[in-house]
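This report concerns aromatic pairing and helix packing in a structure with several chains. The sequence and the model are shown first, and the description follows.

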Amino acid sequence: MLIWNLAEYVAWALSAVLGIHIVIDWLRTDSRYSEEQLTSSHEGQIEAMTEQHEL
Amino acid sequence: MSDTVSNTPGIAGEAESTAVQNGGLLRVLGPAHIWALGVGIVLVGEYMGWNFAVGKGGAYAALIACWFAGILYSCVAMLDSEVTSTVAAAGGQYTQAKHIIGPLMAFNVGLYLVFAYTMLEAANAITVGFLVETVAGMSGHEGLDPRPFIVLSIMFLAWLNYRGVLATLTFSLVITAIAFSAILILFLATSPVFGESPLRHVELMTDLPYGWLGVLAAMHFGLWYYLGIEGTCQAAEEVRSPARSLPFGTLAGVMTLAIAATLTWYVCVGLMPWEYLGQSGVPLFDAARLSGSTSLAVLLGIGTLFATLASANGCINDASRAWFAMGRDHYLPSWFGAVHPAYRTPYRSIIFLVPIALIFALGAPLDQVITFSILSGLLGYTFMPLNMMLFRRKWPLDSIKRGYEHPFHPIPAITLLCLCGITYFAVFLGYGTQLVAMIAFYIVVSLWFHFWRYRFVYRAAQFTMPWPKPKGY
């Protein structure tokens with residue numbers, strides 16, 4: 001049926017749009033920020049500030 | 001609903017840069033999101049997969065497997081809740097292993113997590129394609145190509161995960177709640193409490209067709225009722241109150257699944273003979289069709305699709321956090337440890353895992369993909385009791401503050417270890433070659449990590465918890 005054939009094309013097209021959107025945003029983000037900024041996350045940052053882990 | 005920080009086009013300004021420097025993942029989640037993450041990953045196992053346990057040993061064997069697996073996962077939930085509410089960081093069990101056992105165990109656990117979730121994501125995408133193909137077939141269209149729908153499901157969920165964790169897990173919460181409600185509605189609608197019931201347990205129930213060996217073989221598929229609930233730990237760095245939300249969401253999740261699993265078993269074995277149920281592709285949907293109600297069939301069809309999407313969604317979330325955490329600690333290239341400055345998600349890890357999921361979803365058979373997922377999960381469960389025993393020994397209850405303390409230690413840990421042993425034997429009976437291949441793979445990558453990769457790890461920087469020295473050190 002035509003509607004299912006169309007659905008296949010729409011699914012391919014939407015997948016491509018979403019993929020392109022992700023890749024463009026990824027490249028833009030990587031070019032706008034330094035690697036040091038992007039990888040500045042540290043494990044346990046908030047715990048160190050808010051919890052003393054002492055009874 | 002927005003979980004982004006302000007962002008303007010152009011080069012990052014000074015204020016932005018400062019925000020980014022302090023910018024890890026965003027703490028925006030509550031207990032309901034944790035419940036949705038855990039139950040969302042698992043609920044698809046109620047819609048399909050668990051019923052192969054019926055094929056292995058009959059209806060009662062599947063019920064025994066359901067409850068044994070329920071005990072196993074209750075132990076998993078209790079152990080995980082205690083450790084994760086204390087080691088509240090992305091990576092979940094990987095981070096626990098790093099702090100409590102050591103780097104080599106942590107590397108392996110991280111890989112178990114990534115493999116288990118990425119394979120499960122691929123399996124879910126294959127299922128989405130199968131469901132769309134089935135609907136097309138029911139409407140009279142044969143020969144539909146499922147590949148565009150497999151690719152679309154992975155791309156859409158990856159895009160959602162890329163854009164922010166709050167929207168991602170709120171989406172999971174809604175579709176998981178609908179899928180769970182559909183099971184409850186099916187149970188109530190077919191129950192004899194509200195009039196004539198189509199259930200025929202008296203006629204359909206049989207003794208154990210393959211005896212107790214069948215029960216043992218059924219254990220492998222009994223895991224499907226709950227497989228993945230431990231994924232709640234991956235959100236530890238993104239919940240507002242880890243000490244409260246993680247135990248609450250995880251334990252509520254395992255209780256929800258025990259209820260859903262028992263109701264699913266009860267309805268399905270009352271509508272289908274075990275020989276058919278044991279081979280059904282979508283048992284709950286088939287049960288709804290056999291109930292004679294079109295609206296129930298539509299509801300359970302939607303429930304199947306939503307459960308599958310929720311599972312794939314949670315898998316992307318969890319696999320990317322584990323990969324991200326390993327990158328951040330330099331266990332993998334630190335490039336993977338980046339956080340998106342606007343969306344505050346581990347965007348490079350999310351992107352990296354997309355092609356891997358696509359390759360497995362488009363190029364590997366479903367049963368092999370799921371078996372590798374289950375085996376990786378099982379290796380992870382075996383680590384948990386050892387982890388808990390060392391955690392209690394090195395940091396006894398009176399030494400550090402815990403968000404949750406599980407009762408009856410060490411009984412849950414020993415029970416979990418014994419049940420894992422039984423399940424290994426059950427898996428070996430059916431999938432011995434895959435089990436050996438998987439273990440050989442982990443031995444090879446462990447050698448690579450020990451002799452090559454570990455030299456890049458900043459050894460002192462990886463231990464971040466402000467705990468006292470472990471007892472005996």
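B:Phe449 is buried in this predicted model, because its relative accessibility is 2% and the limit for a buried residue is under 20%. Its ring pairs with that of B:Tyr331: the two centres lie 5.1 Å apart and the planes meet at 35°, so the pair is classed as tilted.

Over all chains, the structure holds 32 aromatic pairs. One of them joins A:Trp26 to B:Trp335 in an edge-to-face arrangement. This pair crosses between chains: A:Trp26 is in helix H1 (residues 2–32) of chain A, and B:Trp335 is in the loop between helix H15 (294–328) and helix H16 (347–363) of chain B. B:Trp335 is partly exposed, with a relative accessible area of 32%. The geometry of the two pairs is set out below.

| Aromatic pair | Centre to centre | Angle between planes | Class |
|---|---|---|---|
| A:Trp26 and B:Trp335 | 6.1 Å | 70° | edge-to-face |

Chain A, which contributes A:Trp26 to the pair between chains, has 3 helices and 0 strands. Its elements follow the order α-α-α from the N terminus. Of the 55 residues in chain A, 36% are buried.

Helix H5 (residues 59–84) and helix H17 (residues 366–394) of chain B pack with their axes 10 Å apart, at an angle of about 45°. That angle makes H5(B) oblique to H17(B). The crossing of H5(B) past H17(B) is left-handed. On the H5(B) side, the contact is made by B:Leu72, B:Tyr73, B:Val76, B:Leu79, B:Asp80, B:Glu82 and B:Val83. H17(B) contributes B:Tyr381, B:Met384, B:Pro385, B:Asn387, B:Met388, B:Phe391 and B:Arg392. By class, this contact comprises 10 nonpolar, 1 polar and 3 charged residues.

Definitions and conventions: Residues are numbered from 1 along each chain as its sequence is written. Chains are lettered from A and ligands numbered from 1 in the order in which they are written. This is a predicted model: local features need pLDDT of at least 70, side-chain atom pairs count only at pLDDT 80 or more; totals for chains, interfaces and linings use all residues. Side-chain values use heavy atoms; hydrogens and water are left out. Rings of Phe, Tyr and Trp (its six-membered ring) pair if their centres lie within 6.5 Å; planes under 30 degrees apart count as stacked, over 60 as edge-to-face and the rest as tilted. Helices (H or I, at least four residues) and strands (E, at least two) are DSSP runs, numbered from the N terminus. Buried means under 20% relative accessible area, exposed over 50%, partly exposed in between (1.4 Å probe, protein chains only). Axes are lines fitted to C-alpha atoms, for helices over the stretch in contact, and angles run from 0 to 180 degrees between N-to-C directions. Angles under 35 degrees count as roughly parallel, over 145 as roughly antiparallel, 65 to 115 as roughly perpendicular and the rest as oblique. A crossing is left-handed if the near helix is turned anticlockwise from the far one by less than a right angle, and right-handed if clockwise. Contact means heavy atoms within 4.5 Å. Ala, Val, Leu, Ile, Met, Phe, Trp, Tyr, Cys and Pro count as nonpolar, Asp, Glu, Lys and Arg as charged, and the others, Gly among them, as polar.
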